[in-house]
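Okay, thanks for coming, everyone.

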Amino acid sequence: MSTARDKSMMETSPEAAPSGLRHAAAHFLFGVIGLALITLAAIPLRLQPGSISLLYLIVVVFVSLRTGFGLSLAVSLIAVFCLNYYFLPLYSSSGTKNPLAIVATVAFLVSAWVITGMVARVRQLTEAQFTLRLEERLAERTRIAREL
């Protein structure tokens with residue numbers, strides 16, 4: 001009979017690590033594909049950079065929910081590259097650098113990283129609470145088994 005402790009030990013075993021890595025890589029790839037789809041859809045629709053950055057931010061939050069801080073940081077850097085390479089040149093006059101573009105880029109990165117950090121913290125607390133509940137259930141079952 002398998003207990004919750006056995007299951008949690010199996011999840012942290014070295015054999016489970018490649019599965020978790022594949023899971024994170026798949027969500028990262030999904031995030032990059034999401035950024036690419038938004039980019040491809042936004043160019044012909046002539047969306048404004050503010051709208052595009054909000055859409056990109058949704059993708060960054062999704063990746064942070066599924067993977068964690070590091071990969072969502074990578075996705076946010078890819079999003080900034082897409083914003084600066086594809087969209088900001090479309091809306092700035094040729095040959096001039098808009099100083100607000102730098103402010104917009106920094107604001108996007110800061111907001112993406114703050115949201116990602118908050119999501120990572122909530123995720124960490126949720127996992128800790130789940131682990132605590134499993135340990136409490138195991139202790140209760142052990143107590144009941146001793147009484148029987």
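I'll start with the overall picture, then go through a few helices and finish with the salt bridges.

First, the ground rules: this is a predicted model, so local features need pLDDT of at least 70 and side-chain atom pairs count only at pLDDT 80 or more, while totals for chains, interfaces and linings use all residues. Residues are numbered from 1 along each chain as its sequence is written, and side-chain values use heavy atoms, with hydrogens and water left out.

So, the fold. We have five helices and zero strands, which reads α-α-α-α-α along the sequence. Helices here are DSSP runs of H or I with at least four residues, strands are E runs of at least two, and the numbering goes from the N terminus. Of the 148 residues in the chain, 25% are buried. By buried I mean under 20% relative accessible area; exposed is over 50%, and partly exposed is in between, with a 1.4 Å probe and protein chains only. Now contacts, meaning heavy atoms within 4.5 Å: among those between residues at least 6 apart in sequence, 78% join residues at least 24 apart.

Then H3 itself, residues 49–66. Which residues of H3 are buried? They are Pro 49, Ile 52, Ser 53, Tyr 56, Leu 57, Val 59, Val 60, Val 63 and Ser 64. Looking down the axis of H3, those buried residues fall within an arc of 165°, so they line one face of the helix; that arc is taken from the directions from the helix axis to the C-beta atoms. Turned away from that buried side, H3 carries the exposed residues Leu 54 and Ile 58. Just after H3, Gly 68 has a positive phi of about 135°.

Next, Ser 72, in helix H4 (residues 69–91). Ser 72 is buried, at 0% relative accessibility. What does Ser 72 touch, leaving aside its neighbours within four places in sequence? Its contacts are Val 60, Val 63, Ser 64, Thr 67 and Thr 116.

Last stop is helix H5 (residues 99–147), where we find Ile 102. Ile 102 is exposed, with a relative accessible area of 59%.

And the salt bridges, meaning a side-chain nitrogen of Lys or Arg within 4 Å of a carboxyl oxygen of Asp or Glu. How many does the structure hold? Three. Glu 127 pairs with Arg 123, with the closest N and O atoms 3.7 Å apart, and both lie in H5, four residues apart. Glu 127 is partly exposed at 44%, and Arg 123 is partly exposed at 28%.

Further along, Glu 140, Arg 143 and Glu 147 are linked in a network. Arg 143 meets Glu 140 at 2.4 Å, N to O, and Glu 147 at 2.5 Å. Glu 147 counts as exposed, at 57%, whereas Arg 143 is partly exposed at 35%.
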